[in-house]
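Biologist: I would like to take a close look at one part of this model, and I am new to reading such things, so please go slowly.

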Amino acid sequence: MARRVLLVSSMVLTLFGCSYNNVEVVKPGEPVLTLLSDANVGKGAVNWLMIHDARGNLLSAQKYVPGDAVVATSNAVKAGDIVSVTFMQYSITQGYGGYTYNLSTYLNILVHDTWTSQILTSPQNDRTYLGSFKVTAMGFPITSRINISNVYGGFASFLFDGSTASYATDLGVDTGTKNFFVSCRDPQGNLEYKFLPNIQTGDEYIIGPTDLQAAESSMQVPLTGMTNYFLNVAGVPSSESPAVNGYIAHYDYMESPLPASVSIWFPAVFTSFRTTLGMTNSNGTYYFNSVGPKPNDIAMPTNQVFKITNRTIQNFQLTGNSDFQRRTSTWEFHNWQHGENPALMVDIVWTVYSPLGADQKILQLPSNFGSVYPDLKLDKLIHTGTTLGLQGSTTYDELITGSFKGQSPTVRQTYYSVRLN
């Protein structure tokens, strides 16, 4: 496919006020980044590519059309320099005039690089909705958690809290989800389960404690010093593709006071599991993720402690007693129209990706942004979260090559992370 090639120089910035739609070429400098943009990435939005130097100064900014080949240049860089690369997609939501800004920044990028934007696709399951069936759960002890799910991740979940003796729910049946799985975590933390095979539309089931069988194997994870935990375990039998989400075995959340440990059960009918365990202490929420056979051990790295010392997007900083694989931080600004019909008028989300040891400096926006995008102000953005990839997580280099170098994203069977307070 033929691409338009656009050049932008650091000297162009002085012309933005009078040349917004058509960028003029003014003495091209050192090539900083070449972007081969996909025609479907950012389609329907106004797209910008911005480059900042390591001190946070804006080197270049280019508005482009998806499908363009964009060459960002600057007279202020040389070979071996590092820059940050920012993509912005701006759109107006039809119907109520809401303004949406999605920005992504990648730190510590060597100049002279070439990137290709791409859309990562997931396997699609062509299924036709057929109707629904009804399940009533009754007679379970108070605080029992009941989950009813299909293999694609659709499920209903309810907690017996003593307010009613039974819960009933209607679930959808389609051409790919005729089998359903019922699991129950009882007050002692034990797990029982039952398959509902070959469900037909209009079927009705009544499920009680005596209808379930006990899960066959478990492991214990200590909760010492934790204030809450979240557990999600989904299983896939050998007859199903491991690419599906899996049937829900555990979907638990508990706050203090907690037991000394959490029991994680693995029904023998499954050969592969998607396991996520999150637990929170004063430092943050630590996560364990696993895809594949049931894990042999979960050793939360709660001894790895990090502290954010500057939460601004202009000069974000953190300290810690350990290394990490990569950082993902998010800043947001939302402006609501209040009244009888509340509406989100401005929705800004800016995500920054960083390797270990990178300085985050984002100090300037193009001079015309103040009039063209008046809602986008750096000092209005509020830090809403930082997650660090720990042992086994995708590295920053793997993130870049998987996102912009045409390589398949790296997915590991087991990895840890922490979301900081």
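Over the ring of which residue does the charged end of Arg-127 sit, and how far is it from the ring's centre?

Modeller: The charged end of Arg-127 sits over the ring of Tyr-152, 4.0 Å from its centre; the rule asks that NZ of Lys or CZ of Arg be within 6 Å of the ring centre and within 35 degrees of the ring normal. Before we go further, please keep in mind that this is a predicted model, in which local features need pLDDT of at least 70 and side-chain atom pairs count only at pLDDT 80 or more, while totals for chains, interfaces and linings use all residues. Residues are numbered from 1 along each chain as its sequence is written, and side-chain values use heavy atoms, with hydrogens and water left out.

The pLDDT, which is the predictor's confidence in each residue on a scale from 0 to 100, averages 88 over the protein chain, and 88% of the residues score at least 70. Over residues 1-27, however, the pLDDT is below 50, although this stretch has 69 contacts in the model beyond near neighbours in sequence, a contact being heavy atoms within 4.5 Å. Where pLDDT is low, the predicted coordinates should not be read in detail.

Let us now turn to the strands, which are DSSP runs of E with at least two residues, just as helices are runs of H or I with at least four, numbered from the N terminus. Two strands pair if DSSP finds at least two bridges between them. Strand 9 (residues 129-138) is joined by nine bridges to strand 12 (residues 166-174), and these two run antiparallel; within this pairing, Ser-132 has Gly-172 as its bridge partner. Strand 9 also has four bridges to strand 15 (residues 204-207), this time running parallel, and there Ala-137 stands opposite Ile-207.

Phe-181 leads us to the aromatic rings, for ring pairs link it with Tyr-193, Phe-195, Tyr-247, Phe-266, Phe-270 and Phe-273 into a cluster. Rings of Phe, Tyr and Trp (its six-membered ring) pair if their centres lie within 6.5 Å, and planes under 30 degrees apart count as stacked, over 60 as edge-to-face and the rest as tilted. By this rule there are 33 aromatic pairs, including the stacked pair of Tyr-247 and Phe-270, with 6.1 Å centre to centre and 15° between the planes. This pair links distant parts of the chain, 23 residues apart, since Tyr-247 is in strand 19 (residues 247-255) and Phe-270 lies in the loop between strand 20 (261-266) and strand 21.

Residues count as buried under 20% relative accessible area, as exposed over 50% and as partly exposed in between, using a 1.4 Å probe and protein chains only. Tyr-247 is therefore buried at 2% relative accessibility, and Phe-270 is buried as well, with a relative accessible area of 5%.
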